[in-house]
Amino acid sequence: MAKFFDSISEQHQAFIEKQKMFFVSTAPLSADGHINLSPKGIDCFRVLSDQQVAYMDIIGSGNETSAHVLENGRITFMFCAFEGPPNILRLYGTGRTVLPGDAEWPQLSKYFELQLATRQIIVADIHKVQTSCGFSVPLYEYMGERDHAQKWAENKGSEGLEIYKAEKNRVSMDGLPTALFFKG
């Protein structure tokens with residue numbers, strides 16, 4: 001049975017902190033645009049208050065989340081219990097991108113163990129929290145983190161990562177600008 005809340009409770013936060021991965025979803029306003037749903041790991045999610053969260057985002061093959069929140073702000077996070085009692089928790093909010101060099105970066109970045117491939121921090125103001133049963137979510141055993149992204153970033157080096165971002169992270173797959181290169 002789904003239950004709704006106006007903020008993140010201590011119980012919700014404790015559940016979030018136990019999860020090894022989460023999913024983030026965003027979408028453009030265009031009906032023809034593509035919805036983005038991305039899994040995240042590497043201990044990159046933080047609850048900043050009962051109505052604000054942030055996650056450290058590393059360089060990837062696209063930058064859909066940044067483009068979508070720049071266009072319309074809509075963002076949803078989902079956490080699933082893959083061990084222990086079944087549970088699904090969703091956070092609905094309005095997101096924004098914080099980049100290295102932004103005034104907020106020093107304050108926000110201290111919450112994370114920054115990596116060579118850290119691209120940005122996505123911050124979201126949460127206006128609705130939902131829990132649901134999760135009875136159909138299978139049980140999985142956590143085996144550890146993958147090191148592929150870290151090795152890839154080290155192989156590219158700082159200069160190579162900047163070139164990659166310029167080539168792959170400038171616009172969304174639907175042509176929307178991302179915060180990395182938006183000149184507003």
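Analyst: A residue is called buried under 20% relative accessible area, exposed over 50% and partly exposed in between, with a 1.4 Å probe and protein chains only. The model is predicted, so local features need pLDDT of at least 70 and side-chain atom pairs pLDDT 80 or more, while totals for chains, interfaces and linings use all residues. Residues are numbered from 1 along each chain as its sequence is written, and side-chain values use heavy atoms, leaving out hydrogens and water.

Nine aromatic pairs are counted in the model, where rings of Phe, Tyr and Trp (its six-membered ring) pair if their centres lie within 6.5 Å, as stacked with planes under 30 degrees apart, edge-to-face over 60 and tilted for the rest. One of them joins Phe 82 to Tyr 140 edge-to-face, with 5.7 Å from centre to centre and 75° between the planes. This pair links distant parts of the chain, 58 residues apart, since Phe 82 lies in the loop between S6 and strand S7 (88-98), whereas Tyr 140 lies in the loop between strand S8 (118-132) and helix H4 (148-168); here helices (H or I, at least four residues) and strands (E, at least two) are DSSP runs numbered from the N terminus. Tyr 140 has 53% relative accessibility and therefore counts as exposed.

Another pair brings Trp 152 and Tyr 164 together, with ring centres 4.9 Å apart and planes at 80°, which makes this pair edge-to-face too. Trp 152, at 29% relative accessibility, counts as partly exposed, whereas Tyr 164, with a relative accessible area of 15%, is buried.

Elsewhere, Phe 22, Phe 45, Tyr 55, Phe 77 and Phe 79 form one aromatic cluster.

A further phenylalanine, Phe 23, stands opposite Pro 39 in S3 and also opposite Met 78 in S6. S2 (residues 22-26) runs antiparallel to strand S3 (residues 36-40), to which five bridges join it, and S2 also pairs in the antiparallel sense with strand S6 (residues 74-80) over three bridges; pairing requires at least two DSSP bridges between two strands. Four of the five residues of S2 are buried, so this strand is largely enclosed by the rest of the structure.

Finally, some rings have a charge over them (NZ of Lys or CZ of Arg within 6 Å of the ring centre and within 35 degrees of the ring normal). Lys 20 lies over the face of Tyr 142, at 5.0 Å from the ring centre, and the charged end of Arg 170 sits over the ring of Phe 181, 4.2 Å from its centre.
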